[in-house]
Amino acid sequence: LLYILLFLFVTIGIFNLIMAVFIDNVTDGSTKKRQQELGLNAPRTGWVIASELRHLILANMLRKEAEDEAAAEDSNGVARARRVSKIMKEKVANLREMYGYKPHTTAEYEELTDQIRDEMADRKIVVTRSEFNHWLSTERELLETLNEAEIDLSCKSDLFDVLDADLSGELEFEEMIDGLLKCRGPASKTDIIAIRLKTRLLVRMMTQICEKLGIDEG
C-alpha cells in the first residue's frame, strides 16, 4: 500500500511538472508572438495615436477661435450672429476634411505620423498635467484608441508621470507619442535588461563624480 501511494505521489508530481513546463512554454510563445505583432503594428498605432491627440489639441484651439468669432459677431451687431456651437461644428468639419485621408501602407503611416509630429512641433504644442488627465477622464475616443493599442490604463492618474521623462510638468507632442508607443503591451525581457544596463551606467557615473569630488563611498 505504501509503495502504491508513493508511486501515485511521484506520478502526480511529475505530471504536474510536465503541465507547468508546457503551460510556461505556451505562455512564453504567446507573449513573444504578441510582441512581434505589436512591433509590426507600430507604424499604424503611432499614426492612430498621433491623429487622435492632434484632433484633441486642434479642437481646443478651434473652440477658442469659435468663442472669439462669436463674441466679435455679437459686439459688431451682426444680424444673424452664429452661436459658438455652430461655428465650432463648421471648424471641426473643415478639420476632418483637411485630415480625412487614411494611409494604407507602412510607409504612408510613418510619413503621415512624421508630418503630424512636425506640425505639432512647429505649433510648439505642450500639454499640461490637468489637460492630459482631463482627456483621460472625458475623451472616450482617446481611451478606446489607447485600449486598442494595449496601453495599460488601470492607473490613469500615473500615466502623465510615466510620460513626463524630463519632469518638466508638461508634455511635448513628441514626448507623448514616443512614450505611449513604449507603453504598449506587457513588459518584455529587453525592457528589463535596458533598465538594468541604464542603472549600471548611472551607478558608474555617480561613482566617477564621487571620485572627482573626493567623496568617500563609505
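Predicted model: local features only at pLDDT ≥ 70, side-chain atom pairs only at ≥ 80, totals over all residues.
Residues are numbered from 1 along each chain as its sequence is written. Local features need pLDDT of at least 70, side-chain atom pairs count only at pLDDT 80 or more, totals for chains, interfaces and linings use all residues, and side-chain values use heavy atoms, with hydrogens and water left out.

The protein chain comes with 9 helices and 2 strands, taken as DSSP runs (helices H or I, at least four residues; strands E, at least two) numbered from the N terminus. Starting at that end, the order is α-α-α-α-β-α-α-α-β-α-α. Of its 218 residues, 26% are buried, that is, under 20% relative accessible area, with exposed over 50% and partly exposed in between (1.4 Å probe, protein chains only).

Helix α9 covers residues 189–213. Its 25 residues reach 36 Å from first C-alpha to last, close to the 36 Å expected at 1.5 Å a residue, where the expected span is 1.5 Å times one less than the number of residues. Just past α9, G214 has a positive phi of about 70°.

Helix α9 also gives the most to the lining of the second largest pocket, namely 4 residues. By class, that makes 5 nonpolar, 1 polar and 3 charged.

As for cysteines, C183 is partly exposed at 21% relative accessibility, and C155 is partly exposed too, at 45%. The structure has 0 disulfides, a disulfide being a pair of cysteine sulfur atoms within 2.5 Å.

Note on methods: Nonpolar A, V, L, I, M, F, W, Y, C, P; charged D, E, K, R; others polar.
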